[in-house]
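Here is a set of questions and answers for someone meeting this structure for the first time. Please look over the sequence and the 3D view before reading on.

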Amino acid sequence: MALPRSFKRALWVFHIATGSCNGCDIEIVAALTPRYDTERFGIMLTGTPRHADVLLVTGPVTRPMRSRLQRIYEQTPDPKAVVVVGGCGSTGGVFYESYNIVGPIDEVVPVAAYVPGCPPRPEAIIDGVVKAVAALEAAGVSR
Amino acid sequence: MTSGEIHALLTERLGDAVSLVDSVEYAHGTAKRAVSALTVELPRERLHDAVAALCDATSPHVTVISGDDRDASLILNYHFNVGWGEHGREVVLTLRVTLPKDDLSIPTLTDLIPGALTTEREGHEFYGIEFVGIPDDRNLFLPEGTTIHPWRRDEAATKLVEPTVKRLVKWETRDGQ
Amino acid sequence: MDNKRINLDLETNASATTYTVPIGPVHPALKEPIRFTFELDGERIVGVDIKPGFAHRGIEYMGMRRNLIQTLYLSERICGICSISHPLALTQAVENAAGIEVPPRAQYIRTIIGELERVHSHLLWAGVGAHELGFDTLLHLTWNVREKVMDLLEQLTGNRVDYAIPIYGGVRRDIPEEKLHLAYEALDYYKGLLQNMLDAYLHDKSVEMRTKGVGALSYEQAVSLAAVGPTARASGVKKDVRQDWPYFAFADMQIEAITPEAFGRTPTGDVYDMIIVRLLEVRQSIEIIERCLEVLPSGELMSIPKVPALLAALKNAEGEGIGRHEAPRGEVFHYIRLEAGIEEPITWKVRAPTYGNLMSWVPKFLGDEVADVPIIAASIDPCMCCMDRAHFVERSGDRTTRLKSELVRLSREKTRRICG
């Protein structure tokens, strides 16, 4: 199934924090503000996963957030891509061997792109989103 | 109030149940100006009286309760700030009580300082302490139904995770064990 | 004594006309997950219960199993917005426990970076608060202005967030002569803008109508619920670690806690007072940074420059220490106990400011409307917050699920209603 043309015009993004320290979350919002301004590309934060094309996930997954993350992933309609922002979501980062942490995000949902950094710069986050969507187009199928 | 005045106030109310552990000063800045911290030990039954004495004299601010698991007993440090509002005259006061492991209970302070509820709920779920008379003893940070007490050193659950200290230098004494 | 105690009735005022609204933990806005359960009587909130813990990572548990340098980098990532506050308090605690001196130049550099962080954090909060009110223009303007201090932080420390500046016994990087002009440029930029910001936030009719009288917290409530930081200061409580227990370069200055009285207003603890306190603190921080840059003492940066020597000194250290810092949200408190011969800290206890302000949310919410929930929740500047779908259960048993976007729409409609 080819991606609809609207993907090139507008990309709606839903952000979920699974126990992160907020550093990556702030850089995601900074990406929307006039210095980096993703809205000129049509990338916008939406308030519900049901309207989202890309899920931006941050944080090491804490035990209570695991089921919520799975549910959000299932609620997002296809075609979708999951982009992990930050070192703790990619590999656990500095948070390892704790009783309340389940693991990096790819233990819970399939991931299309990782943006490492603690926190990554807003330009890197935009790059990650673009790469995830390019991967979707190249695959030609929904993830 | 200075450290000396606080110590005098507690001694006056509680007599020789109060024992001084430490009264320190830390110096900062180019002027080496000092700030004070006072640590005092009390028996567990007298803690409520001591805090009541402080509340009568001033408005202590309860910061947090930290704990120290020592095998047969559990030491609790109640950290307060006393004397805020005046330049450089605040004292960080620590009231230390010891609880035996087989009877981890202590009266609550929420009747004197309602703001202590958060830290008492945390102490209840992380150490397993019963705060007698607490208005709400549900878990605060851990999911409901959790049975382990993560900050104790004797619970089996805390031994599930092996220590992960990265040694940059080999230490004979430790690694030889 | 009775006027210092308040009756915290966390039981729901159950009656036939109230219904329960659980909100959280997942939400599309910028804050961490947290669960609220509101008891509503029509549009009025009559009861609230708060359940945090969705971002609980077991940091103290992990920290007590690593050596102190690893714990330092772990503490930096407790919060990404006030990312230097935890290392500043932790290094103080360990230095007090181990008896390690800090050279004066290092103390001043720590103070400068700490105050720069306060500027960026308060501007961040102001923008987020405006967004919750529906004032997106102000969000974008404020965050654009904030980029200047982020640039300065990057030029001085190497990163926008998580600067890794403090180390036990000093700081890791210097502020050399050739970079001082960058700092002065940024400070002049902000001094020129301050009056505009005060006008935009405090003399704007719609902001005034949405924030005055909303989420009030009285002086007695703030004291008895052990509130800290701007949350307490907005209620008139003159409590500030930089004033009461001066540390680092603050020991050479006389800092005054800022309350709404500095703006000529009687404190009520409402959201408008919070805006006053935070914006005036930005001005205070700029003055502090200027003073520190003028008298920056020369000298070494670390008292124990070589890392293996530092690790050895820490391993042999024995004692207890307390470290405190006035973070943008309030007092950060670290307690640490070290034993000789063991690398890991035996006891490490962290008290972040939002844990102290958690209980002050309850009287702030009570009596206000559902449409005010976003701005009251954001007003204490939580490092964990709320809001996803509001699940309304009607008396007849029908369930409707409303989205956060709907709650924000309610909030914005209220703005139009009262300003129209």
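Q: In what pattern do the elements of chain A run from the N terminus on?
A: The model is a predicted one, and in it chain A holds five helices and seven strands. Read from the N terminus on, these elements of chain A follow the order α-β-α-β-β-β-α-β-α-β-β-α.

Q: How does the radius of gyration of chain A stand to what the globule rule gives for 143 residues?
A: The C-alpha atoms of chain A fill a box of roughly 45 × 35 × 25 Å along the principal axes. For 143 residues the globule rule gives 15 Å, and the value for chain A is close to that, so chain A is as compact as a globular protein of that length, with a radius of gyration of 14 Å.

Q: What percentage of the contacts in chain A between residues at least 6 apart in sequence join residues at least 24 apart?
A: Of the 143 residues in chain A, 56% are buried, a residue counting as buried if 20 or more other C-beta atoms lie within 10 Å of its own. Taking the contacts in chain A between residues at least 6 apart in sequence, the share that joins residues at least 24 apart is 81%.

Q: Which element gives the most to the side of chain A that touches chain C?
A: The contact takes 35 residues from chain A and 34 residues from chain C. On the side of chain A, the elements that give two or more residues are β1 (11-17), α2 (23-30) and α3 (63-75). By class, this side of chain A has 19 nonpolar, 11 polar and five charged residues. The element that gives the most to it, with five residues, is α2(A).

Q: Along the sequence, what pattern does chain B follow?
A: Chain B has four helices and seven strands, and buried residues make up 38% of its 177 residues. Among the contacts in chain B between residues at least 6 apart in sequence, 52% join residues at least 24 apart. Read along the sequence, the pattern of chain B is α-β-β-α-β-β-β-β-α-β-α.

Q: Are α6(C) and α11(C) roughly parallel or roughly antiparallel to each other?
A: Two packed helices are described by the angle between their axes and the distance between the axes. Helix α6 (residues 180-202) of chain C packs with helix α11 (residues 271-294) of chain C at an angle of about 160°, their axes being 10 Å apart. Angles over 145 degrees count as roughly antiparallel, and therefore α6(C) and α11(C) are roughly antiparallel.

Q: How many nonpolar, polar and charged residues are there in the contact of α6(C) with α11(C)?
A: The crossing of these two helices, α6(C) and α11(C), is left-handed. The residues that meet include Leu187(C) and Tyr190(C) in α6(C), and Ile276(C) and Arg283(C) in α11(C). Divided by class, the residues of the contact of α6(C) with α11(C) are 15 nonpolar, no polar and three charged.

Q: What is the handedness of the crossing of α4(C) and α11(C)?
A: Helix α4 (residues 104-133) of chain C packs with α11(C) at an angle of about 155°, with their axes 9 Å apart, and that makes α4(C) roughly antiparallel to α11(C). Among the residues that meet are Trp125(C) and Gly129(C) in α4(C), and Ser285(C) and Cys292(C) in α11(C). By class, this contact of α4(C) with α11(C) has 15 nonpolar, four polar and four charged residues. The crossing of α4(C) and α11(C) is left-handed.

Technical notes
Residues numbered from 1 in each chain as written. Chains lettered and ligands numbered in written order. Predicted model: local features only at pLDDT ≥ 70, side-chain atom pairs only at ≥ 80, totals over all residues. Contact = placed C-beta atoms within 7 Å. Nonpolar A, V, L, I, M, F, W, Y, C, P; charged D, E, K, R; others polar. Buried ≥ 20, exposed ≤ 12 C-beta atoms within 10 Å, placed from the backbone. Axes fitted to C-alpha atoms, helices over the stretch in contact; angles between N-to-C directions. Parallel < 35°, antiparallel > 145°, perpendicular 65-115°, else oblique. Left-handed = near helix turned anticlockwise from the far one by under 90°. Rg over C-alpha atoms; globule rule 2.2 N^0.38 Å.
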